[in-house]
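User: I am new to this structure. Please take me through it in short questions and answers.

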Amino acid sequence: MKIKDILPIVERELHDEYGFEFNDFRLEELYPIESSSIQPMTVSFLISDKKPKNVFTDAALSLPYTRIYKKIDFNLDAGKITQIRMFAE
């Protein structure tokens with residue numbers, strides 16, 4: 001299975017798992033295959049960051065989006081994600 005075929009599956013599964021809309025889905029890192037069927041990778045996406053507005057200026061207190069990073073193990077034989085891990089900075 002090629003990476004270009006895997007990414008839409010990963011994006012759809014993450015959307016189904018978390019149940020919210022996200023934008024700008026990206027492949028950040030691709031790691032060597034650990035076993036014959038597990039492809040590890042890091043992906044990221046933007047989620048809306050709706051924060052309260054400043055009372056005096058009516059401007060947002062921060063950027064309107066937050067980038068979320070996830071480490072993914074994708075099972076090439078099954079064609080689905082087998083593990084999702086938080087990305088620790």
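User: Which residues are linked in a network of salt bridges?
Analyst: The model is a predicted one. The side chains of R26 and D24 meet in a salt bridge, at 2.8 Å from N to O. R67 also forms a salt bridge with D24, with the closest N and O atoms 2.4 Å apart. The linked residues are D24, R26 and R67.

User: How many residues apart in sequence are the parts that the pair of R67 and D24 ties together?
Analyst: Start with the place of each partner. R67 lies in strand β3 and D24 in strand β1. The pair therefore ties together parts of the chain whose separation in sequence is 43 residues.

User: Is D24 buried or partly exposed?
Analyst: Buried would need a relative accessible area under 20%, and exposed one over 50%. D24 has 36% relative accessibility. That value lies in between, so D24 counts as partly exposed.

User: What is the phi of D24, roughly?
Analyst: D24 sits in strand β1. D24 is not a glycine, yet its phi is positive. The value is about 55°.

User: Which residue forms a salt bridge with R85?
Analyst: R85 is in strand β4, and its partner is in strand β3, 12 residues apart. The closest N and O atoms of the pair are 3.0 Å apart. The partner of R85 is D73.

User: Is D73 buried or exposed?
Analyst: The cut-off for buried is under 20% relative accessible area. R85, at 29%, is partly exposed. D73 has 7% relative accessibility, so D73 counts as buried.

User: How many salt bridges does the count come to?
Analyst: R26 and R67 each pair with D24 in the network. R85 pairs with D73. The count comes to three.

User: What pattern does the protein follow along the sequence?
Analyst: The secondary structure comes to one helix and four strands. Read along the sequence, the pattern is α-β-β-β-β.

User: How far does helix α1 reach from its first C-alpha to its last?
Analyst: Helix α1 covers residues 3-18, which makes 16 residues. At 1.5 Å a residue, the expected span is 22 Å. The model is close to that, with a reach of 22 Å.

User: Which strands do the buried residues of α1 pack against?
Analyst: The buried residues of α1 are I6, L7, I9, V10 and L14. Their packing partners are strands. These are β1 (23-30), β2 (38-48), β3 (65-75) and β4 (80-86).

User: Which element gives the most to the largest nonpolar core?
Analyst: This core has 14 residues. V10, L14, F25, M41, V43, I72 and F74 touch the most other members. The elements that give two or more residues are α1, β2 and β3. The one that gives the most, with five residues, is α1.

User: Which residues does I72 touch, leaving out those up to four places away in sequence?
Analyst: I72 is among the core residues that touch the most other members. Contact here means heavy atoms within 4.5 Å. The residues that I72 touches are V10, L14, Q39, P40, M41, V43, I81, Q83 and I84.

User: What separates the C-alpha atoms of F22 and S48?
Analyst: F22 is found in the loop between α1 and β1. F22 is buried, with a relative accessible area of 9%. Beyond its neighbours within four places in sequence, F22 is in contact with E11, L14, H15, F45, L46 and I47. F22 and S48 are 26 residues apart along the chain, and their C-alpha atoms are separated by 7.4 Å.

User: Which residues make the nonpolar surface patch?
Analyst: One member, F20, lies in the loop between α1 and β1. F20 is partly exposed, at 32% relative accessibility. The patch has about 220 Å².

User: What share of the residues of the protein count as buried?
Analyst: The accessible surface comes to about 6,200 Å², and 52% of that belongs to carbon and sulfur atoms. The protein has 89 residues. The buried share is 27%.

Conventions:
Residues numbered from 1 in each chain as written. Predicted model: local features only at pLDDT ≥ 70, side-chain atom pairs only at ≥ 80, totals over all residues. Heavy atoms only, no water. Expected span 1.5 Å × (residues − 1). Buried < 20%, exposed > 50% of the residue type's maximum accessible area, 1.4 Å probe, protein only. Patch = residues over 30% accessible without salt bridge, like charges linked within 9 Å, V, L, I, M, F, W, Y side chains within 5 Å. Areas by Shrake-Rupley, 256 points an atom, 1.4 Å probe, with all protein chains shown as cover. Salt bridge = Lys/Arg side-chain N within 4 Å of Asp/Glu carboxyl O. Core = buried A, V, L, I, M, F, W, Y, C linked by side-chain atoms within 4.5 Å.
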